[in-house]
Amino acid sequence: MTRGVSFSQLRDLLRDGAQLVEVLPAEEYGWAHLPGARNLPLKELDDDAVSALDRARPVVVYCNDFL
Amino acid sequence: MGFPEVHDYEGGKSDWLSRGCAYEGTADLVSRHLTDPVTCALDERLVDVRARVGAAFDGCIVVDGGIAVGVLRAEAADADPGTTALEAMTFGMSTVRPSEEIDELAHRMRHAGAERAIVTDADGRLLGVFSPPD
């Protein structure tokens, strides 16, 4: 189950090694994204797409604003 | 997909960028073009502000706990030196967000005849001043 986090909670998670994932289309990701974020567009999200993520570390997904 | 810990950053990219945080990508946003503003506190006397800034006083931004609350215009230099920033300042200044693209903002500023823009985050926290590139 996905848990919503605030900006300050995000900073804590990043400090502790969380992985960032932007789920917007590639064009929007290329325009600007959070430092270190991977681009996994929502429409392309499958087991292959997420294989590069480390299952032992927390994952933080985001889009433009509220999902 | 079997991930034990997944979070959703509720504010998203727009929240991150509107705070002036660093980003990667091709966008050229105001946050990368900020200069430090001249500021003063609400209870600071004009005589002290002028002494600190010097002859180049061209106005300053009045802040309270990091929040931009008003502007002291250059004409404030003519007021009674004992006057405080709170008494002399102008309330209700226009501000822009650090997440704006500089081309669009520069176009609007040229149209309005504005040379500088005060940049704050969504909470009103002063981040800097933006001047359009020549």
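For a chain of 67 residues, a compact globule would have a radius of gyration near 11 Å, and chain A comes out at 12 Å, so the two agree. This is a predicted model, so the value, like the others here, is computed from predicted coordinates. Laid along its principal axes, the C-alpha trace of chain A spans about 25 × 25 × 20 Å. Chain A holds 2 helices and 4 strands, and reading from the N terminus they follow the pattern β-α-β-α-β-β.

Now for the way chain A meets chain B. On the chain A side 39 residues are in contact, and on the chain B side 27. Together the two chains bury about 2900 Å², with 62% of that area on carbon and sulfur atoms. Three residues stand out here: F7(A), W31(A) and R55(A) account for 25% of what chain A buries against chain B, more than any other three residues.

Polar links turn up across the interface as well. There are 20 residue pairs in polar contact, counting pairs with both residues at pLDDT 80 or more. The elements of chain A that put two or more residues on the side touching chain B are β1 (3-5), α1 (7-15), α2 (26-31) and β4 (59-62). Of these, α1(A) gives the most, with 5 residues. Sorted by type, the residues on this side of chain A split into 23 nonpolar, 7 polar and 9 charged. As for salt bridges, the rule finds 1 between the chains. In a salt bridge, the side chain of E22(A) meets that of K13(B), with 2.8 Å from N to O.

β1(A) is joined by 3 bridges to strand β1 of chain B (residues 6-9), and the two run parallel. Opposite R3(A) stands H7(B), a residue of β1(B). In general, strands of a sheet pair through backbone hydrogen bonds, in either a parallel or an antiparallel way.

Chain B also has an open sheet, made of 4 strands in the order β3-β4-β5-β6, with mixed pairing. At its edges are β3 (39-41) and β6 (90-91) of chain B; each has a single partner strand, so one side of each has no neighbour in the sheet. Elsewhere in this sheet, strand β4 (residues 60-64) and strand β5 (residues 67-72) of chain B run antiparallel, joined by 5 bridges. One example of the pairing is C60(B), whose bridge partner in β5(B) is L72(B).

Definitions and conventions:
Residues are numbered from 1 along each chain as its sequence is written. Chains are lettered from A and ligands numbered from 1 in the order in which they are written. This is a predicted model: local features need pLDDT of at least 70, side-chain atom pairs count only at pLDDT 80 or more; totals for chains, interfaces and linings use all residues. Side-chain values use heavy atoms; hydrogens and water are left out. Contact means heavy atoms within 4.5 Å. Buried area is the accessible area (1.4 Å probe) that two parts lose on being put together, summed over both. A salt bridge is a side-chain nitrogen of Lys or Arg within 4 Å of a carboxyl oxygen of Asp or Glu. A polar contact is a pair of N or O atoms within 3.5 Å; within protein, one must be able to donate a hydrogen and the other to accept it, and residues adjacent in sequence count only if both atoms are side-chain atoms. Ala, Val, Leu, Ile, Met, Phe, Trp, Tyr, Cys and Pro count as nonpolar, Asp, Glu, Lys and Arg as charged, and the others, Gly among them, as polar. Two strands pair if DSSP finds at least two bridges between them. The radius of gyration is taken over C-alpha atoms; the globule rule is 2.2 Å times the number of residues to the power 0.38.
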